[in-house]
Amino acid sequence: MISEPELIGEFGPEHTAEAVGDFDRKPGSGRRRGHGLLWGAAGALVASVVWATAVFAYGDGVTRKPDPRGYRVDGRSCSAMQLKALTASVGKRENAPALAPGRIEHPALNRVRCFLGLASEEDAETYAKGWSVYAHVGLEVELYKETDPRSEFEAREGRRRL
């Protein structure tokens with residue numbers, strides 16, 4: 001009978017690397033460890049730049065108009081001038097509020113200018129001394145209907161947009 005003496009001692013702890021193979025080797029260098037992270041960050045940066053360029057070049061496609069919240073400006077806006085605190089301190093109204101020139105009615109902007117005169121209530125006493133108190137109050141109201149300032153400038157120049 002032949003024994004197997006040549007196999008004795010070959011599978012000891014000193015030969016475990018041959019039995020296991022190359023699975024337990026450590027990587028040769030650490031350069032490949034962050035390689036995928038670098039490519040991911042570069043891709044995200046390029047995508048962001050392309051997106052931002054497209055938005056600034058073509059806009060986001062949404063037309064935004066300011067919400068007037070029920071306000072309107074027309075010829076009757078001058079009659080709504082109350083000025084209670086001012087008339088209490090200066091005096092009574094000398095005339096009704098008047099619409100001044102410079103009214104604008106445009107799809108982008110409405111503007112109304114109003115003027116009102118106030119006189120002191122002590123007319124006889126102040127006139128006798130040679131002095132009088134008179135205040136001239138001006139009010140300008142503008143209602144913006146668009147957010148693009150270009151159309152506002154067109155409205156102020158008098159050009160009508162079609």
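Student: Over how many bridges do strand E2 (residues 98-99) and E4 pair, and in which sense?

Tutor: This is a predicted model, where local features need pLDDT of at least 70, side-chain atom pairs count only at pLDDT 80 or more, and totals for chains, interfaces and linings use all residues. Residues are numbered from 1 along each chain as its sequence is written, and side-chain values use heavy atoms, with hydrogens and water left out. Strands (E) are DSSP runs of at least two residues, numbered from the N terminus, and two of them pair if DSSP finds at least two bridges between them. Leu99 stands opposite Cys114 in E4, and E2 and E4 pair over two bridges, in the antiparallel sense.

Student: OK, and how many bridges join E4 to E5?

Tutor: These two strands run antiparallel. Leu116 has Val137 as its bridge partner in E5. The count of bridges joining E4 to E5 is 11.

Student: Which residues does Tyr134 contact, leaving aside its neighbours within four places in sequence?

Tutor: Tyr134 lies in strand E5 (residues 134-144). Tyr134 and Glu94 are 40 residues apart in sequence, yet 8.9 Å apart in space, C-alpha to C-alpha. With contact meaning heavy atoms within 4.5 Å, the residues are Glu94, Gly117, Leu118 and Ala119.

Key: Helices (H or I, at least four residues) and strands (E, at least two) are DSSP runs, numbered from the N terminus.
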